[in-house]
Amino acid sequence: MEVLPPQAYFATSIILLVIGIYCIVSKRNMIKTVIGIEIITMAVNMVFLSLGWMRTYPAQLIDPLAQAFVIISIVIGGAIAAVALSLVTNAYRHYKTLDLKKLRRLRW
């Protein structure tokens, strides 16, 4: 099995970052916004792993420090997603909508 160079992973992470930013900016649904934030988190994790890529003989390795940061980031991201989705659920129960424009109007 051939391993791709780190530039391919870096390019993929840039594409994921653009998709996540587009999802946050263009969508008005709260659940889609949370999904966009999680896509951005995965893009950042992929950047960490691509920057921690080392070429050593006889194999290609990823720096253990980069792997540790990514594992911690995944755990924190899962907790943030759980809290965000619980806030979305409570907002839907209270206001009966997930539209961010309508919820902003209710602020004042």
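Is F48 buried, partly exposed or exposed? F48 is partly exposed, at a relative accessible area of 37%; that class lies between buried (under 20%) and exposed (over 50%), computed with a 1.4 Å probe on protein chains only.

The model is predicted, so local features need pLDDT of at least 70 and side-chain atom pairs count only at pLDDT 80 or more, while totals for chains, interfaces and linings use all residues. Residues are numbered from 1 along each chain as its sequence is written, and side-chain values use heavy atoms, with hydrogens and water left out.

**Stop 1: helix α1**

Select residues 6-26, which form helix α1. Helices here are DSSP runs (H or I, at least four residues), numbered from the N terminus. The expected span of a helix is 1.5 Å times one less than its number of residues. For the 21 residues of α1 that gives 30 Å, and the end C-alpha atoms are 30 Å apart, which agrees.

Now colour P6, S13, G20 and C23 of α1, which are buried. They lie on the same side of α1, because they cover an arc of only 95 degrees around the axis; the arc is that of the directions from the helix axis to the C-beta atoms. Turn to the other side of α1 to find Q7, I15, V18, Y22 and V25, which are exposed.

**Stop 2: the aromatic pair**

Rings of Phe, Tyr and Trp (its six-membered ring) pair if their centres lie within 6.5 Å; planes under 30 degrees apart count as stacked, over 60 as edge-to-face and the rest as tilted. The count by this rule is 1 aromatic pair. Select F48 and F69: this pair is tilted, with 6.1 Å centre to centre and 35 degrees between the planes. It links distant parts of the chain, since F48 sits in helix α2 (residues 30-51) and F69 in helix α3 (residues 64-95), 21 residues apart. F69 is partly exposed, with a relative accessible area of 45%.

**Stop 3: I74**

Stay in helix α3 and select I74. Its relative accessible area is 42%, which makes I74 partly exposed. Beyond its neighbours within four places in sequence, I74 is in contact (heavy atoms within 4.5 Å) with M42 and N45. A distance drawn from the C-alpha atom of I74 to that of K102, 28 residues apart along the chain, reads 31 Å.

**Stop 4: the nonpolar core**

Select M30, V34, V88, A91, L98 and L103, the 6 residues of the largest nonpolar core. Such a core is a set of buried Ala, Val, Leu, Ile, Met, Phe, Trp, Tyr and Cys residues joined through side-chain atoms within 4.5 Å. Helices α2 and α3 each supply at least two residues of this core. End on A91: not counting residues up to four places away in sequence, A91 touches M30, K96 and T97.
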